[in-house]
Amino acid sequence: MSRRKATMVALASVTILLTGSGAAVADGTSPTPSASSGTSGGAGHRLCKRVPHVEQRIEKALDRLNGPVSQKGSIARLQKRVDAAKAAGHTEIEAFLSHRLTHRKSLVPMLQQESKDLKQVTTWCDAHDDGATT
């Protein structure tokens, strides 16, 4: 008897899922979204929760890139390495490091733009109760 009851519950659940998801109501309108369909606690809410961490990572990366010669990963340190390779006549190493330097320099404006975009996301999160409302 319990196996039959479990089968009936499973069948009812499948029927509810198939008829309730995306199906139109008899009057032609769409069904209203439920709390479990992602209207609250969705991607906006998850992003709003991560904003402080993402902001911290961007600031840390910008600080490292704009750091002094003694800072590992800084543009100044890599520029010093490029200059040293050029002075020593190591053209292949200079070319390799120059490409890395160009890439590293291109990261700064990208990260600055992401920081500006993140400020807009923060404003949106504040206006929408941290993504709980859309």
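Reader: Does Asp-129 count as buried or exposed?
Author: Happy to start there: this is a predicted model, in which local features need pLDDT of at least 70 and side-chain atom pairs count only at pLDDT 80 or more, while totals for chains, interfaces and linings use all residues. Residues are numbered from 1 along each chain as its sequence is written, and side-chain values use heavy atoms, leaving out hydrogens and water. Buried means under 20% relative accessible area, exposed over 50% and partly exposed in between (1.4 Å probe, protein chains only). The relative accessibility of Asp-129 is 53%, so this residue counts as exposed.

Reader: What is the phi of Asp-129?
Author: Most residues other than glycine have a negative phi. Asp-129, in the segment after α4, is not a glycine, yet its phi is positive, at about 55°.

Reader: What pattern does the chain follow along the sequence?
Author: Helices (H or I, at least four residues) and strands (E, at least two) are DSSP runs, numbered from the N terminus. The chain has four helices and zero strands. Read along the sequence, the pattern is α-α-α-α.

Reader: How far apart are the end C-alpha atoms of α4?
Author: The expected span of a helix is 1.5 Å times one less than its number of residues. With 37 residues, α4 should therefore span 54 Å, and the model agrees, as the end C-alpha atoms are apart by 55 Å.

Reader: Is α3 roughly parallel or antiparallel to α4?
Author: Axes are lines fitted to C-alpha atoms, for helices over the stretch in contact, with angles from 0 to 180 degrees between N-to-C directions. Those of α3 (residues 75-88) and α4 (residues 91-127) come within 9 Å and cross at roughly 160°. Angles under 35 degrees count as roughly parallel, over 145 as roughly antiparallel, 65 to 115 as roughly perpendicular and the rest as oblique. That makes α3, relative to α4, roughly antiparallel.

Reader: How many charged residues are in the contact of α3 with α4?
Author: Contact means heavy atoms within 4.5 Å, and the residues involved include Arg-81 and Lys-86 of α3 and Glu-94 and Arg-104 of α4. Ala, Val, Leu, Ile, Met, Phe, Trp, Tyr, Cys and Pro count as nonpolar, Asp, Glu, Lys and Arg as charged, and the others, Gly among them, as polar. Alongside eight nonpolar and two polar residues, the charged ones number six.

Reader: Which helices do the buried residues of α4 pack against?
Author: Among the buried residues of α4 are Leu-97, Leu-101, Val-108, Leu-111 and Cys-125. The buried residues of α4 pack against α2 (43-65) and α3.
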